[in-house]
Amino acid sequence: MSFAAQPTASLFINGQHVEGQGDALPVIYPYTGETIATLYEASTDQVAEACRVAAAAQADWAALAPVERGRVLLRAAAIIRERNDELSRLETLDTGKPLQETLVADWESGAQALEFFGGLAATVTGQMIPLGQDWAYTRREPLGVCAGIGAWNYPSQIACWKAAPALVMGNAMVFKPSEVTPLGALKLAEILIEAGLPAGVFNVVQGRGQVGAALTGDSNVAKISLTGSVPTGRRVYAAAAEGIRHVTLELGGKSPLIVFDDANLEDAVSAAINANFYSSGQICSNGTRVFLQEGIRQPFLDRLAERVRNIRMGDPLDPDTNHGPIITPRQAEIIRGFIESGQAAGAQLVCGGAGEGAFIPPTVFTDATDDMDIARDEIFGPVMTTLSFFEEDEVIRRANDTGFGLAAGVFTQDLTRAHRVIGKLQAGTCWINTYNLTPVEMPFGGVKMSGLGRENSAAAIEHYSQLKSVYVGMGGVEAPY
Ligand SMILES: NC(=O)C1=CN([C@@H]2O[C@H](COP(=O)(O)OP(=O)(O)OC[C@H]3O[C@@H](n4cnc5c(N)ncnc54)[C@H](O)[C@@H]3O)[C@@H](O)[C@H]2O)C=CC1
């Protein structure tokens, strides 16, 4: 491959590239199955060293004026934009996602987070609380060392979404990307140094689950922010409890997208495509349970099947490709298992199916029922399950009948119904007449099993800081004796 994916070394600690002392971590390009780089996991000692270094660097970083910290992030955002082409190619090699997507959705979204929090830095203030003669004030202070742990579907975006609010509030970070997609975070570390971040404030360790577990349990770590599956979230939460550490959990989902009879058909179909097939369906907030009101059901399915024929599946580096391979053979096998189980349970395929090798085409099921696995479990692949409904109350009840609560969408032209239904849906991130737009200005996160805390927006500031209250005595002090 002409494009060099092999990084200088696997880890980034204290501003230096450092080779990992653990097991090998091959980086496989999902399209060809070719090993494009070999990295090495961090040893337990190296994880501890990264956390120590971060703790040592954090105090001076926190002592800077917020506007100075913000400036570093703004410079990093500018560097990312200058190098977007090169970074997006690397992201495509790391994830297999079409260049058409990575050029606009991955590093660009990361740059927006750095820009947003960089600009917000100087606006974070405390409160002055009058108490008669005395008064109190609050300070919003950093937590210390934050651990970031990422999933493989948006590796660089996830790294930026976690680093930006953490760093701007004066924390240091040790980030562990997914073992499947380790490359982008190393680029972010280099870019932040180039933008003026002091060495040690942002560090990268690599490895599988046990490296994540070591990070989660490190005594220097004050907070863990995980993007991953529910089972991993449960483990991280339990480990965090041991040290009473803060957590943000961005976990999985099985989100409803409800299309009423009066919806704009073309928009609803577009949204359902975006909500199920972008990134080959490997998106946590996807609206994979598409509830269709009986009157719009058939026109919707017909138009969807027609539109899906325009898919261009193939080489992710080809600028015309809009549907890439599945991240790993193992994930493809899991997705195929769900497709088989849907068929065995009696659901009908409108289009798609098992596909071949790394590719699974956009797959749509109809005649599904709420109790089928394809309607209950997160598939994390390009599989849409459509379910029909008649009444508003009925669909709200069925939409909420899940342990997950990440996202939800409603399509209707009836303004009052849109807000009424959204008000009753148990989901952290909702859309009306669109789907899967996650601008940095809007809080993002889930309820129920889909997670805790919020990323993006000013809401994220609260999750990367803590309040100190200061009572100021202005008079004498009385005592009982
Ligand atoms: N809500 C959100 O923002 C998002 C959620 N996700 C969810 O992520 C999942 C897919 O990503 P995967 O990488 O397969 O998830 P995963 O849960 O297998 O792994 C996530 C990360 O956790 C690490 N990890 C594994 N065991 C650990 C442990 N015991 N302690 C600490 N870290 C550990 C992994 O190495 C990886 O870096 C899906 O469920 C998806 O819904 C993905 C993207 C966004």
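Visitor: How many residues surround the ligand?

Guide: This is a predicted model, where local features need pLDDT of at least 70, side-chain atom pairs count only at pLDDT 80 or more, and totals for chains, interfaces and linings use all residues. Residues are numbered from 1 along each chain as its sequence is written. A residue is near a molecule if its C-beta atom, placed from the backbone, lies within 6 Å of it. The closest ones here are Gly 209, Gly 212, Gly 228, Glu 250 and Cys 284, and the count around the ligand comes to 29 residues.

Visitor: Which helix gives the most to the shell around the ligand?

Guide: Helices are DSSP runs of H or I, at least four residues, and strands are runs of E, at least two, numbered from the N terminus. Helix H8 (209-216) and helix H9 (230-242) each put at least two residues into the shell. The top giver, with four residues, is H8.

Visitor: How many residues of that shell are polar?

Guide: Ala, Val, Leu, Ile, Met, Phe, Trp, Tyr, Cys and Pro go down as nonpolar, Asp, Glu, Lys and Arg as charged, and the others, Gly among them, as polar. Around the ligand, nine residues are nonpolar and six are charged, while the polar ones number 14.

Visitor: How many residues of domain 2 are in contact with domain 1?

Guide: Contact here takes C-beta atoms, placed from the backbone, within 7 Å. On the domain 1 side 15 residues take part, and on the domain 2 side 22.

Visitor: What gives the largest share of the side of domain 1 that touches domain 2?

Guide: Two elements give two or more residues to that side, helix H3 (84-95) and helix H4 (99-105). With three residues, the largest share comes from H4.

Visitor: Why is the chain called as compact as a globular protein of its length?

Guide: The chain has 16 helices and 20 strands. The globule rule, 2.2 Å times the number of residues to the power 0.38, is set against a radius of gyration over C-alpha atoms. For 481 residues the rule gives 23 Å, and the chain is as compact as that because its radius of gyration is close to it, at 23 Å.

Notes. Two residues are in contact if their C-beta atoms, placed from the backbone, lie within 7 Å.
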